[in-house]
Amino acid sequence: MIFFFILLSLFSAKRYKDFTIIPVYGTKVSPYNNPFETHDFYSIPFCPYTGKETKTPRRLSDAFLGNNLQRTSVSLKFKKNETNQQLCQITLNQHTKEKFQNAIKRHFYYQLDIDKLPVWSLIGAKGNQENSNQSLVFTKQHFTVYYNENRIISVSLTPENPVSLDSNTLNFTY
């Protein structure tokens, strides 16, 4: 039985051509200490998706896991190294600051779905010891995509560039 599922996963894996766009979907945000408490991905004021393709894949497993796939503005390309791609600039008002502060206070992380592979990252962190009340938002997502020939086998996400919520704007990049 297990052999059948291994074969099924091998033959159902998507094959990519060089520089093909890999869609990135946001699934949910959750507090780190309680992953069963899930919220809509865009309940946090992330960069909104501005593209035309709004169709998202639906899988039975997503319904069981509480995932609601929503397209993000991140646009990865297969076998192409890209750095400092601008996502958006968010002007912070009191409402957006409170949403980010609450998410950081409760140690929220978000989950993305890339080629049916989940990746996670914290939204932000508290400042260092001298500024422990300062909330920092990670504004850069560093993706590392591992592949074997024309298939994605693993993806990692590292949050970078923490910016204080005391600033007026957040520039999100990947």
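A word on ground rules. The model is predicted, so local features need pLDDT of at least 70 and side-chain atom pairs count only at pLDDT 80 or more, while totals for chains, interfaces and linings use all residues. Residues are numbered from 1 along each chain as its sequence is written, and side-chain values use heavy atoms, with hydrogens and water left out.

**Overall layout**

The protein has three helices and nine strands. These are DSSP runs numbered from the N terminus, with helices being H or I over at least four residues and strands being E over at least two. Going along the sequence, the order is α-β-α-β-β-α-β-β-β-β-β-β. Of the 174 residues, 37% are buried. Here, buried stands for under 20% relative accessible area, exposed for over 50%, and partly exposed for anything in between (1.4 Å probe, protein chains only).

Let's start with β4, residues 108-114. Seven of its seven residues are buried, so the strand is largely enclosed by the rest of the structure. Both faces are covered: Phe108, Tyr110, Leu112 and Ile114 are buried on one side, and Tyr109, Gln111 and Asp113 are buried on the other.

What does β4 pair with? Strand β1 (residues 21-31) runs antiparallel to β4, with seven bridges between them, where pairing takes at least two DSSP bridges. Within that pairing, Val24 sits opposite Ile114 of β4. Strand β5 (residues 117-122) is also an antiparallel partner of β4, through six bridges. There, Gln111 has Trp120 of β5 as its bridge partner.

The β4-β5 hairpin has two residues between its strands, and Asp115 there has a positive phi near 55°. Asp115 belongs to the loop between β4 and β5, and it takes that positive phi although it is not a glycine. With 17% relative accessibility, Asp115 counts as buried.

Phe19 has a positive phi too, near 70°, and is likewise a residue other than glycine. Phe19 sits in the loop between α1 (2-12) and β1.

Over in β5 you'll find Val119, which counts as buried at 4% relative accessibility. Val119 and Phe143 are 24 residues apart along the chain, and their C-alpha atoms are separated by 9.6 Å.

**Aromatic contacts**

Searching the whole structure turns up seven aromatic pairs. A pair needs ring centres within 6.5 Å (Phe, Tyr, and the six-membered ring of Trp); planes under 30 degrees apart are stacked, over 60 edge-to-face, and the rest tilted. Two of the pairs are set out here.

| Pair | Centre to centre | Angle between planes | Type |
|---|---|---|---|
| Phe41 and Tyr42 | 5.0 Å | 80° | edge-to-face |
| Phe46 and Tyr110 | 5.3 Å | 65° | edge-to-face |

Phe46 is in the loop between β1 and α2 while Tyr110 is in strand β4, so this pair ties together parts that are 64 residues apart in sequence. Ring pairs join Phe41, Tyr42, Phe46 and Tyr110 into a cluster.

How buried or exposed are the cluster members? Phe41 counts as buried at 4% relative accessibility, and Tyr110 is buried at 5%. Phe46 is buried as well, with a relative accessible area of 14%. Tyr42, at 25%, is partly exposed.

There's also a charge over a ring: Arg71 lies over the face of Tyr25, 5.9 Å from the ring centre. That label calls for NZ of Lys or CZ of Arg within 6 Å of the ring centre and within 35 degrees of the ring normal.

**Out on the surface**

Leu60, Phe64 and Leu65 make up a nonpolar surface patch with about 400 Å² of accessible area together. Patch residues have over 30% relative accessible area and no salt bridge, with nonpolar side chains (Val, Leu, Ile, Met, Phe, Trp, Tyr) joined within 5 Å and like charges within 9 Å. A salt bridge, in turn, is a side-chain nitrogen of Lys or Arg within 4 Å of a carboxyl oxygen of Asp or Glu. The areas come from the Shrake-Rupley method with a 1.4 Å probe, and for residues only the protein chains shown count as cover. Leu65 is part of helix α2 (residues 60-65) and counts as exposed at 54% relative accessibility.

Finally, Asn33 sits in the loop between β1 and α2 and is exposed, with a relative accessible area of 66%. Asn33 and His107 lie 74 residues apart in sequence and 7.6 Å apart in space, C-alpha to C-alpha.
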